[in-house]
Amino acid sequence: MSEKGLFIVIEGVDGSGKTTQAELLAAYLRSKGRRVHHTAEPTASGLGGMVRDGLGAEHPRTNDELAAMFLADRVAHNVSPKSGIRRYIESGTDVVCDRYYYSSIAYQGVGGSLEWVAAMNLNCPSIMKPDICIFIDLDPEKCMEHIQAGRSHFEIYEENAAVIAETRRRYGIVFDMLAGRDNIVVVDGARAKEDVFEDIRAAVEKLL
Ligand code: TYD
């Protein structure tokens with residue numbers, strides 16, 4: 001049996017720079033001769049497309065509908081026989097995933113839904129626990145600058161700095177809740193991307 005791959009999740013509020021860092025990390029791991037699968041949630045599958053639709057203004061969904069849709073997308077993302085996370089990890093390929101269940105608990109764990117959203121995600125036997133979750137922490141005003149520079153439309157969770165600040169606060173609740181269960185590393189995102197990456201590299205290196 002080959003050695004298992006690492007399962008690495010990159011999290012952050014919208015505009016925090018997580019996609020850039022996930023790309024840097026995937027490239028770094030490849031440069032070390034490792035096989036890497038870079039993926040994201042919501043996924044590019046049909047289920048992921050439905051979720052994205054539900055995030056847009058045209059077909060809005062309730063919070064609990066979204067939580068259930070993200071959950072279904074995540075289960076499929078884990079167990080898909082061709083391109084599932086489990087298959088990659090077990091065949092020795094590292095998986096770098098842009099967002100995971102931490103996002104569901106932070107974004108959909110609101111208005112009395114925190115417990116069920118957390119329980120459905122954390123207790124689901126099909127949903128693998130990552131080896132590490134790296135949270136890129138950045139001031140909401142800076143996130144807004146990134147969003148405005150890079151986007152022409154806004155999804156429901158990206159409206160303004162106050163919404164982002166609230167999401168950031170909820171990530172804090174999620175990480176307190178999962179302390180001791182999950183390996184969570186918070187990285188200061190308010191620096192040059194090379195410096196942010198250096199912290200991420202150092203955290204991942206400890207697992208190699
Ligand atoms: P993403 O594609 O990462 O957006 P961006 O590239 O704009 O950062 O995610 C789209 C949105 O989905 C984002 O606002 C966060 C939200 N989201 C949830 O609300 N719950 C979830 O479980 C996930 C994975 C994402």
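What does the cover over the buried residues of α7 include? The legends below start there, and the model in every view is a predicted one.

**View A. Helix α7 and its buried side.**
The answer is α8, which is included in what covers the buried residues of α7. Helix α7 runs over residues 140-150, and its buried residues here are P140, C143, M144 and I147. These residues sit on the same side of α7, because they cover an arc of only 100 degrees around the axis. Look at the face turned away from that buried side and you'll find E141 and A149, both exposed.

**View B. The largest nonpolar core.**
This core counts 34 residues, and F7, Y100, Y101, Y102 and Y171 are the ones with the most contacts inside it. Helix α8 (residues 161-178) supplies the largest share, six residues.

**View C. Y100 and what it touches.**
Zoom in on Y100, in the loop between β3 and α5. Its relative accessible area is 0%, so Y100 counts as buried. Setting aside residues up to four places away in sequence, Y100 touches F7, V9, E11, E41, R74, N78, I85, I127, M128 and P130.

**View D. R99 and its positive phi.**
R99 lies in the loop between β3 (94-98) and α5 (101-108). What is phi for R99? It is near 80 degrees, a positive value in a residue that isn't glycine. Is R99 buried or exposed? With a relative accessible area of 10%, R99 falls under the 20% cut-off and so counts as buried.

**View E. The cis peptide bond at P42.**
Here the bond to look at joins E41 and P42: it is cis, with omega at about -5 degrees. P42 has its place in the loop between β2 (36-40) and α2 (46-55).

**View F. Helix α3 against helix α5.**
The angle between the axes and the distance between them are what describe two packed helices. For α3 (residues 63-79) and α5, the axes come within 10 Å and cross at roughly 180 degrees. So α3 is roughly antiparallel to α5. On the α3 side the contact residues are N63, L66, A67, F70 and R74, and they meet Y101, S104, Y107 and Q108 of α5. Sorted by class, that contact has five nonpolar, three polar and one charged residues. R74 is also among the residues in contact with Y100.

**View G. Q108 and D64.**
Stay with Q108, which is found in helix α5. Q108 is buried, as its relative accessible area of 1% shows. Q108 and D64 are 44 residues apart in sequence, yet 7.1 Å separates them in space, C-alpha to C-alpha.

**View H. A27 and H38.**
A27 belongs to helix α1 (residues 18-31). Its relative accessibility is 44%, so A27 counts as partly exposed. How many residues apart along the chain are A27 and H38? They are 11 residues apart, with 9.5 Å between their C-alpha atoms.

Key. Residues numbered from 1 in each chain as written. Predicted model: local features only at pLDDT ≥ 70, side-chain atom pairs only at ≥ 80, totals over all residues. Heavy atoms only, no water. Core = buried A, V, L, I, M, F, W, Y, C linked by side-chain atoms within 4.5 Å. Buried < 20%, exposed > 50% of the residue type's maximum accessible area, 1.4 Å probe, protein only. Helix = DSSP H or I, 4+ residues; strand = E, 2+ residues; numbered from the N terminus. Contact = heavy atoms within 4.5 Å. Axes fitted to C-alpha atoms, helices over the stretch in contact; angles between N-to-C directions. Parallel < 35°, antiparallel > 145°, perpendicular 65-115°, else oblique. Nonpolar A, V, L, I, M, F, W, Y, C, P; charged D, E, K, R; others polar. Arc of directions from axis to C-beta.
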